[in-house]
Amino acid sequence: MGRGSHPREFAALLSAESGIISDIYQIPGSIGGEASAQVPFEMVPLNLNIVGSAHSHPNGVLRPSDADIRFFSVSGSRHIIVGDPYGPDDWRCFYPDGTPVTLEVVP
């Protein structure tokens, strides 16, 4: 998703089954821009079991901004940032306060 929307940011929500992130949803009406992305929370179906978010940083910086932390605070407990060049190691996961957290990738 990051590579596909580059150089614009994308934002999506994550859902989980049995404690494992299983799906990523781009919500209708989401807006991706050169400096930020927005998710219209009023469009999120109640049954998605949202546990966090994913979004891109086209500049490759894998740290949350102040705006990211505000977004994290209303969108779950785990937040993934992916960055250019969008390879297998070009992502990080964070708690809502911006503290990095290890997220195990399960095959």
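What share of the contacts in the protein chain between residues at least 6 apart in sequence join residues at least 24 apart? Here are my notes on that and a few other points.

1. **Ground rules.** This is a predicted model, where local features need pLDDT of at least 70, side-chain atom pairs count only at pLDDT 80 or more, and totals for chains, interfaces and linings use all residues. Residues are numbered from 1 along each chain as its sequence is written, and side-chain values use heavy atoms, with hydrogens and water left out.

2. **Contacts.** To answer the opening question: 52% of those contacts join residues at least 24 apart. A contact here means heavy atoms within 4.5 Å.

3. **Fold.** You'll find 2 helices and 7 strands in the protein chain, running α-β-β-β-β-β-α-β-β from the N terminus. The radius of gyration is 13 Å, close to the 13 Å that the globule rule gives for 107 residues, so the chain is as compact as a globular protein of that length. (Helices are DSSP runs of H or I with at least four residues, strands are E runs with at least two, both numbered from the N terminus; the radius is taken over C-alpha atoms, and the rule is 2.2 Å times the number of residues to the power 0.38.) The C-alpha trace spans about 35 × 30 × 25 Å along its principal axes.

4. **Burial and charge.** Of the 107 residues, 40% count as buried, meaning under 20% relative accessible area with a 1.4 Å probe and protein chains only; exposed is over 50%, and partly exposed is in between. The chain carries 6 positive and 12 negative side chains, counting Lys and Arg as positive and Asp and Glu as negative, but not His or the chain ends.

5. **The aromatic pair.** There is 1 aromatic pair in the structure. Phe-41 and Phe-71 make up this tilted pair, at 5.7 Å centre to centre with 40° between the planes. (Rings of Phe, Tyr and Trp, using its six-membered ring, pair if their centres lie within 6.5 Å; under 30 degrees is stacked, over 60 edge-to-face, the rest tilted.) The partners sit 30 residues apart, with Phe-41 in the loop between strand S4 (37-38) and strand S5 (50-57) and Phe-71 in helix H2 (residues 66-72). Phe-41 is partly exposed at 32%, while Phe-71 is buried at 17%.

6. **Ile-21.** Look for this residue in strand S2 (residues 20-25). Ile-21 is partly exposed, at 32% relative accessibility. Leaving out residues up to four places away in sequence, Ile-21 touches Leu-14, Ser-15, Ala-16, Val-51 and Leu-103.

Definitions and conventions: Charge placed at Lys NZ, Arg CZ, Asp CG, Glu CD.
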